[in-house]
Amino acid sequence: MDIYKNEELRKQMVEKGKQWVAQGEFWLFGTATYIDGTAVSEDAANKDARYFFNMLDRKILRREDYRNGIRLKRMAFIETGKTRTNTHIHFFIKGMETDDY
């Protein structure tokens with residue numbers, strides 16, 4: 001199903017999206033899906049996202065930095081898909097160089 005009425009507008013949106021990602025210098029983009037996204041509320045997805053990113057920070061960052069509240073820079077979006085029933089999470093993550101913090 002093509003949701004765009006205007007192909008030129010779709011192309012512009014894709015290009016602007018690419019520019020936005022490049023300007024943000026994100027290192028990683030991902031989508032976290034559920035086996036059955038229709039059974040997951042937005043509140044549950046928020047809790048799952050917080051838990052996921054907390055565990056990710058604990059595994060990747062040094063213990064001292066994690067304890068001092070340093071976290072990977074990220075943006076996350078909870079979406080429900082075209083039908084508004086399939087909950088999933090998109091995320092962008094920036095890595096850290098040693099001089100970033």
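**Figure 1. Order of elements in the predicted model.** From the N terminus on, the elements run α-β-α-α-β-β. That makes three helices and three strands, where helices (H or I, at least four residues) and strands (E, at least two) are DSSP runs numbered from the N terminus. This is a predicted model, in which local features need pLDDT of at least 70 and side-chain atom pairs count only at pLDDT 80 or more, while totals for chains, interfaces and linings use all residues. Residues are numbered from 1 along each chain as its sequence is written, and side-chain values use heavy atoms, with hydrogens and water left out.

**Figure 2. Confidence along the chain.** pLDDT is the predictor's confidence in each residue, from 0 to 100. Its mean over the protein is 86, and 90% of the residues reach 70 or more. Helix α1 (residues 7-24) has the lowest confidence, at a mean of 84, and helix α2 (residues 42-60) the highest, at 94. Where pLDDT is low, the predicted coordinates should not be read in detail.

**Figure 3. Overall dimensions and surface of the protein.** The radius of gyration, taken over C-alpha atoms, is set against a globule rule of 2.2 Å times the number of residues to the power 0.38. For a compact globule of 101 residues the value would be near 13 Å, but the protein has 17 Å. Along the principal axes, the C-alpha atoms fill a box of roughly 50 × 35 × 15 Å. The accessible surface is about 8100 Å², and 52% of this belongs to carbon and sulfur atoms; areas come from the Shrake-Rupley method with a 1.4 Å probe, and for residues only the protein chains shown count as cover. Of the 101 residues, 25% count as buried, where buried means under 20% relative accessible area, exposed over 50%, and partly exposed in between (1.4 Å probe, protein chains only). Among contacts (heavy atoms within 4.5 Å) between residues at least 6 apart in sequence, 55% join residues at least 24 apart.

Figure 4. Glu25 lies in the loop between α1 and β1 (28-33). Its phi is near 55°, a positive value in a residue other than glycine. Glu25 counts as exposed because its relative accessibility is 59%. Arg84 is placed in the loop between β2 (73-79) and β3 (88-94). Phi of Arg84 is near 65°, again positive in a residue other than glycine. With a relative accessibility of 62%, Arg84 is therefore exposed.

Figure 5. Asp48 is placed in helix α2. A relative accessible area of 35% makes Asp48 partly exposed. From Asp48 to Thr85 the separation is 37 residues in sequence and 17 Å in space, C-alpha to C-alpha. Ile60 also belongs to helix α2. Ile60 has a relative accessible area of 51%, so this residue is exposed. Ile60 and Phe29 stand 31 residues apart in sequence, with 16 Å between their C-alpha atoms.

Figure 6. Ser41 is partly exposed because its relative accessibility is 40%. Ser41 and Val21 are separated by 20 residues in sequence and by 28 Å in space, C-alpha to C-alpha.
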